[in-house]
Each structure stands twice: as structure tokens, then as C-alpha cells.
Amino acid sequence: MTEALSVLWLTGWSAPPSVWQPVIDRFSRDHPRARHQLVDVHTLLKEDSGMSPHDWLTDGSWWLVGWSMGGMLALEWARTVPGRVRGVLAIGVTDQFVRSPRSPDGWDERVLRRMIRLLSIDPEQVLADFDRRMFSSAEKKAGWLDQWCQSCRNQQKPDVSGLLVGLDFLRRFSFLDSPLSVPVFLLHGEDDAICPVSGAGRLARTLPKAELTVWKDAGHLPFWTQPERFHFWLKERINCDTGQKPGGPSI
């Protein structure tokens, strides 16, 4: 009997879990029996949440689909509970978020500390500055930044405590020399200014079962700015692992 397809979705810093919902809806048309779990990463990272990977990855084996901070968390979970992870699909991730001799293109830690300080004063401005860095020049010209602000920023006030624990996670994140036994599919925008593509390249060279796909002119949100293309990228990789025919263009 074929094991049911289980997919756990983790979002990035400052983004609501619902950012994945259009992707899940599209994916469910091809996999109506698949089960999905949306994780509020910011709540999860709070020490008082009391949640661990074992609480989410219950029965069966799971695909972890994570974007940015969620993708980095997915890599850590695959290392922590490999027996429950079927594979990782990580979008816009890096091997180390903060700059170091091995990751010279990471963020200056002083920038993160400034963001932490300003979040308690003007969180909307911090998010606005971050949003402008998420999109490539081509995507901004096409209006994707405006659409993002209208759909994700104007609906609710930011949870400052969740944003703070997220920045602390990013400040500490490092996945250097951490080989995984499961397949890892990396997708990256060539013009990603949040996590430069060079960091994804180092990850791909380190992980024994990694594949890196880079999309030209894309920024930090390729699954959101190119939803149809992302759907086929995702479906092709999961279907190949489950023995199904891809049924779409190779991306």
C-alpha cells in the first residue's frame, strides 16, 4: 500500500503561514489525498511554545517545504529527526545567515541588532525596509512589491515578540558541515538580496543529495512571484521521488 503524501509547510521571517495557501490549493488538485500542516514558525520558535519537531512530524514520513527562515528550520529538523523526513524543499536559504569568514556574503550582525532595536519603536518601518530587499528590480517593476504589501502587510499588525525570536534564530543559524541523509532540493532567485545565491551554492556542495535550481531575475520570493512555475518545480521533484510521472514541464 502506498504511503500517503504528507507535506509540512514553514514560512519565512515576518510572513504569515497563509502565504503558502495558494500553493497548497494548487498542489491539492494533483494530490487530493495529501495531508498538509501549516506551521506558524514565529510561534514555534518562542521558548514558551513547548513544541518540538516530534510534535509536528507524527506518523509517517514528511516532505518539508520551507521558505527562507522556514527552509533553514526545515534543514535543522531533517538533521534532528531524519527518520521522519522524506525530503526537504528549501526556497531562498543559505548556509549561514550572518557574515563569517566561510560565509562572507551574509548579513552584518550589526544590521540585525539594529533591526532588533528598531522593532520595538517602529516595526512597520522595519518590515517595509525588509520587504524592499525581497524583490528583484524586475519584480518591483512588475508590481510584486506593491501586491505583497497589500496582501500580507495591510491585514494585521506585526507580532513584535515573534519577529524578535525570528531574528535571534537567524542570527544563530549555521548549517556548515552538516550532511543530511535525505534529498534536499534548493530553489533560489539569482537576484536574492536577502540570502545571496552563493550561500545556496555552498549548501548544495556540502549536502550529498542536494540539487540547486536558480531562476534568473528572481528575488527572495520566487514561489510567490512565479506561482505556476513553482508548482511544476515542486510537483516534478515530489512526483519523481514517489514514482509518479512529473506531468509537466521540467523547470
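Which exposed residues does the face of helix 5 turned away from its buried side carry? They are Arg-110 and Arg-117. Before we go further, a word on the model: it is predicted, so to speak of local features a pLDDT of at least 70 is needed, side-chain atom pairs count only at pLDDT 80 or more, and totals for chains, interfaces and linings use all residues. Residues are numbered from 1 along each chain as its sequence is written, and side-chain values use heavy atoms, with hydrogens and water left out.

Let us stay with helix 5 for a moment. Helices here are DSSP runs of H or I with at least four residues, strands are runs of E with at least two, and both are numbered from the N terminus. A residue is called buried under 20% relative accessible area, exposed over 50%, and partly exposed in between, using a 1.4 Å probe and protein chains only. On that scale the buried residues of helix 5 are Leu-112, Met-115 and Leu-119. Seen down the axis of helix 5, these buried residues fall within an arc of 55 degrees, so they line one face of the helix. The arc is taken over the directions from the helix axis to the C-beta atoms.

Asp-108 counts as buried because its relative accessible area is 18%. Its side chain makes a polar contact with the side chain of Arg-110, at 2.6 Å. A polar contact is a pair of N or O atoms within 3.5 Å; within protein, one must be able to donate a hydrogen and the other to accept it, and residues adjacent in sequence count only if both atoms are side-chain atoms.

The buried residues of helix 9 are Gly-162, Leu-163, Gly-166, Leu-167, Phe-169 and Leu-170. Because they fall within an arc of 155 degrees when seen down the axis, they line one face of helix 9.

With a relative accessible area of 1%, Phe-173 is buried. The C-alpha atoms of Phe-173 and Glu-76 are separated by 9.2 Å, although the two are 97 residues apart along the chain. Another loop residue to look at is Val-81, placed between helix 4 (69-80) and strand 4. Val-81 has 5% relative accessibility and so counts as buried. Its C-alpha lies 8.6 Å from that of Leu-57, which is 24 residues away in sequence.

On a 1 Å grid over the protein atoms alone, a cavity is a set of points where a 1.4 Å probe fits but cannot get out, while a pocket is an open set with protein on both sides within 12 Å along at least five of seven lines; lining residues have an atom within 4 Å of a point. Grid points are joined across faces, edges and corners, and a volume is the space filled by probe spheres set on the points.

The largest pocket holds about 350 Å³ of space. It is lined by 18 residues, and Ser-14, Gln-156, Lys-157, Pro-158 and Asp-159 lie nearest its centre. Two or more lining residues come from each of helix 2 (41-45), helix 6 (123-134) and helix 8 (144-153). Helix 6 gives the largest share, four residues.

Ser-14 has a positive phi of about 75 degrees although it is not a glycine. Asp-217 also has a positive phi, near 65 degrees, in a residue other than glycine. Asp-217 is found in the loop between strand 6 (210-215) and helix 11 (222-225), and at a relative accessible area of 39% it is partly exposed.
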